[in-house]
Amino acid sequence: MIYRHNNAMIDNSFLHRLLGGMPPAIFLKRYWQRRPLYIQNALDPKDLQLTRDELFDLASSSEVESRLVQNSRGRWQLSHGPFQQLPAAKKDWTLLVQGVNWHHDGAHALLQKFRFLPQARLDDLMISYAVAGGGVGAHFDSYDVFLLQAQGRRRWRISAQSDLSLKADLPLKILDCFTPEQEFICEPGDLLYLPPRYAHEGVALDPCMTFSVGFRAPSHQEWVTEFYLKWSEHLDLEGHYADPKPDFHADRPGEIPIQMLSALTDLIQKKRPEKKDLTLFLGEYLSEPKPHLSFKAQSIRPDAFVRRLKRSGLALNKRSLMLYHGSYVFLNGESFMCSPLERKPLHLLANQGYLTPQQCQLLNNSLLEQCHVWFQNGWLHLHTKTSPC
């Protein structure tokens, strides 16, 4: 059964309220990737502020991924943005805008509050706007998702069904057979968490906006393929194949010589990836920005940069992702090795998303130079009270 919690307590902690008073460790143990969680009044609607016009403006940009889903008498249509105009109809359409956190400061700030989960797993904040009757059909996701109701009402029906076969010849991945087990009416501030592969269907009861916090779950095929493609770029194997002891059969010229197969087998077994290779790949792969994202270069003299950061602090650009493991730090698809003394400030920057002026005192000359380069790339900015984290 789903854990229900009518959160009436007053608490200033976003996380305490979000999880219905549960410590994160309890949530991870009982619900994460196991079973759904529904919490009423999990957020203050003020934390979910983004107007319909702001969302529509984002959907008109070529830098933003957006989709329009329409359903007319059971006929599904899918269109890809940018959109200069949206349907005038008052029912049965949904606008989906991906990665809003990379383009909107308020959405970025909201996503930062989910830092109780690994940033390596967090993907982006998608926002859907739907008129009455709008939805994308019964479906399932391969990843965890937090569904936060920002405006209006949406009816969710969910099911733990094992049959996840899809309807054929549709532009959307819609379940062929959906048997709902439970139903919820989410109002502004309500939360519904769903683990991977949990069937669900959301339909707008009136014009509404839903925030979807999604997580990365690379397929095994994608993961391994990407690793070997990247690893192959760094392989430096000398020599060429030779026949030291030719044992060919003149009457079978079409047969692959066993010596060639043995030579390749030996070569592959000798050249296997090491833990360092896997670590570097994973950090660079996970921190790589989406292809359509760009950064604006900034110019400032090194001495002026150091003076200003010691007054205001530093913060990651909202499009940047910094991760770390052991001696390696990863930022926007690049890897850096740091000394034990350099780990503390860089780990703080990765964990918090910013460094205070006091924490910037931990940066040695080498790190100050590196941060200056990152700043000029547009990957960092000065952390003032008016600038986004």
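Biologist: Which residues are exposed on the other side of H11?

Modeller: Asn365 and Glu369. Exposed means over 50% relative accessible area, buried under 20%, and partly exposed in between, with a 1.4 Å probe and protein chains only. One caveat first: this is a predicted model, where local features need pLDDT of at least 70, side-chain atom pairs count only at pLDDT 80 or more, and totals for chains, interfaces and linings use all residues. Numbering runs from 1 along each chain as its sequence is written, and side-chain values use heavy atoms, with hydrogens and water left out.

Biologist: And which residues of H11 are buried?

Modeller: Leu367, Leu368, Cys371, His372, Trp374 and Phe375. Seen down the axis of H11, they fall within an arc of 165°, so they line one face of the helix. The arc is taken from the directions from the helix axis to the C-beta atoms. In an α-helix there are 3.6 residues a turn, so residues three or four places apart point the same way.

Biologist: How far apart are the end C-alpha atoms of H11?

Modeller: They are 19 Å apart. H11 has 13 residues, 365–377, and should span 18 Å at 1.5 Å a residue, which agrees. The expected span is 1.5 Å times one less than the number of residues. Helices here are DSSP runs (H or I, at least four residues), strands are E runs of at least two, and both are numbered from the N terminus.

Biologist: What sits at the start of H11, and what follows the helix?

Modeller: At the start, a side-chain oxygen of Asn364 comes within 3.2 Å of the backbone nitrogen of Ser366. After H11 comes Gly378, with a positive phi near 90°.

Biologist: At what angle do H9 and H11 pack?

Modeller: About 35°, with the axes 11 Å apart. H9 covers residues 340–352. Axes are lines fitted to C-alpha atoms, for helices over the stretch in contact, and angles run from 0 to 180 degrees between N-to-C directions.

Biologist: Which residues meet there?

Modeller: Glu342, Pro345 and Leu346 from H9 meet Ser366, Leu367 and Trp374 from H11. Contact means heavy atoms within 4.5 Å.

Biologist: What is the phi of Asp169, and what about Arg197?

Modeller: Asp169 has a positive phi of about 60°. Its loop runs between E8 (154–159) and E9 (182–186). At 80% relative accessibility, Asp169 counts as exposed. Arg197 has a positive phi near 65°. Arg197 is in the loop between E10 (191–194) and E11 (199–204), and at 48% it counts as partly exposed.

Biologist: Back to helices. Which residues of H3 are buried?

Modeller: In H3 (residues 52–59), Leu55, Phe56, Leu58 and Ala59 are buried. They cover an arc of only 155° around the axis, which puts them on the same side of H3. Asp53 and Asp57 are exposed on the face turned away.

Biologist: What covers the buried residues of H3?

Modeller: The cover includes E3 (66–72), E5, E6 (122–130) and E12 (208–215).

Biologist: Last one. Is Ala297 buried or exposed?

Modeller: Exposed, at 61% relative accessible area. Beyond neighbours within four places in sequence, Ala297 is in contact with Gln376 and Asn377.

Technical notes. A polar contact is a pair of N or O atoms within 3.5 Å; within protein, one must be able to donate a hydrogen and the other to accept it, and residues adjacent in sequence count only if both atoms are side-chain atoms.
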